[in-house]
Amino acid sequence: MRVEFGKIVLRFLGLASVAAVAATSMAGSANAGERIFDELRFGASASVQSGRAGEDGVFPEITALFDPFGYEEAVGWQQQLLHPRVHLGTSIGTSGEATQFFTGFTWTVDLSEKIFAEAGFGGVIHTGDLDDNDDGPELGCRVLFHEYVGAGYRFTRNWNVMAQIAHSSHADLCDGPNDGMTRAGIQIGYKF
């Protein structure tokens with residue numbers, strides 16, 4: 001029963017993300033001159049887990065954010081929470097560790113003109129070990145939940161920097177071990 005519920009939740013999140021990205025693409029093609037991405041981010045992270053479940057190396061990251069729900073027009077933190085953006089990205093494994101491909105919803109709230117907080121929730125597909133691993137996390141299943149929180153600073157209207165911590169695991173919804181992956185890092189963003 002746990003496995004079926006987890007599959008249903010992850011399929012829903014995946015379909016919702018695909019629908020939001022498709023809506024963004026259609027809206028962009030309908031209006032000449034519209035941008036495809038709301039924001040692009042580039043950065044790197046590292047594992048914050050210790051012991052056998054820790055991961056070696058640095059993980060280069062690329063994330064694209066889309067605005068199909070009108071975040072750009074939202075005024076005040078209450079409206080910002082009601083208008084999430086959609087994220088799509090990857091965290092590239094080095095030193096033989098897992099690469100992640102993730103998607104989901106991102107909620108960004110302005111704390112001041114320059115400072116913002118952010119949280120995201122969705123799903124991830126990874127290339128890591130599922131079980132019987134002597135080094136690195138045992139992840140149990142190929143599709144996991146993915147969530148993150150972060151805080152950032154805007155240098156200009158277009159450029160920002162954000163520190164974040166992200167976690168991926170299956171929340172015991174599939175059989176097998178659930179060491180999860182927890183990584184912290186910095187990203188530089190360019191908002192179009």
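Author: A contact here means heavy atoms within 4.5 Å. This is a predicted model.

Reader: OK. For contacts between residues at least 6 apart in sequence, what share joins residues at least 24 apart?

Author: In the protein chain, 59% of those contacts do.

Reader: And how many helices and strands?

Author: The chain has 2 helices and 8 strands.

Reader: In what pattern along the sequence?

Author: It reads α-β-β-α-β-β-β-β-β-β.

Reader: Switch to charges. How many salt bridges does the structure hold?

Author: There are 12. One of them pairs the side chains of Arg 41 and Glu 39, at 2.9 Å from N to O.

Reader: Are Arg 41 and Glu 39 buried or exposed?

Author: Arg 41 is buried, because its relative accessibility is 2% and the cut-off for buried is under 20%. Glu 39 is buried as well, with a relative accessible area of 2%.

Reader: What does Arg 85 pair with in a salt bridge?

Author: Its side chain meets that of Glu 118, with 3.5 Å between N and O. This pair links distant parts of the chain. Arg 85 sits in strand S3, residues 85-91, and Glu 118 in strand S5, 33 residues apart.

Reader: Buried or exposed, those two?

Author: Arg 85 is buried, at 2% relative accessible area. Glu 118 is buried too, at 4%.

Reader: Which residues do salt bridges with shared partners join into one network?

Author: Asp 38, Glu 39, Arg 41, Glu 72, Arg 85, Glu 118, Arg 157 and Lys 191.

Reader: What about Glu 138? Which residue is its salt-bridge partner?

Author: Arg 52. The closest N and O atoms of the two are 3.9 Å apart. A salt bridge has to come within 4 Å, so this pair counts.

Reader: Where do Glu 138 and Arg 52 lie?

Author: Glu 138 is in the loop between strand S5 (115-126) and strand S6 (143-154). Arg 52 is in the loop between strand S1 (39-47) and strand S2 (59-66). The pair therefore ties together parts that are 86 residues apart in sequence.

Reader: How covered are they: buried, partly exposed or exposed?

Author: Glu 138 is buried, with 15% relative accessible area. Arg 52 is partly exposed, at 36%.

Reader: Last topic, the whole chain. What percentage of residues is buried?

Author: Buried residues make up 45% of the 192.

Key: Residues are numbered from 1 along each chain as its sequence is written. This is a predicted model: local features need pLDDT of at least 70, side-chain atom pairs count only at pLDDT 80 or more; totals for chains, interfaces and linings use all residues. Side-chain values use heavy atoms; hydrogens and water are left out. Buried means under 20% relative accessible area, exposed over 50%, partly exposed in between (1.4 Å probe, protein chains only). Helices (H or I, at least four residues) and strands (E, at least two) are DSSP runs, numbered from the N terminus.
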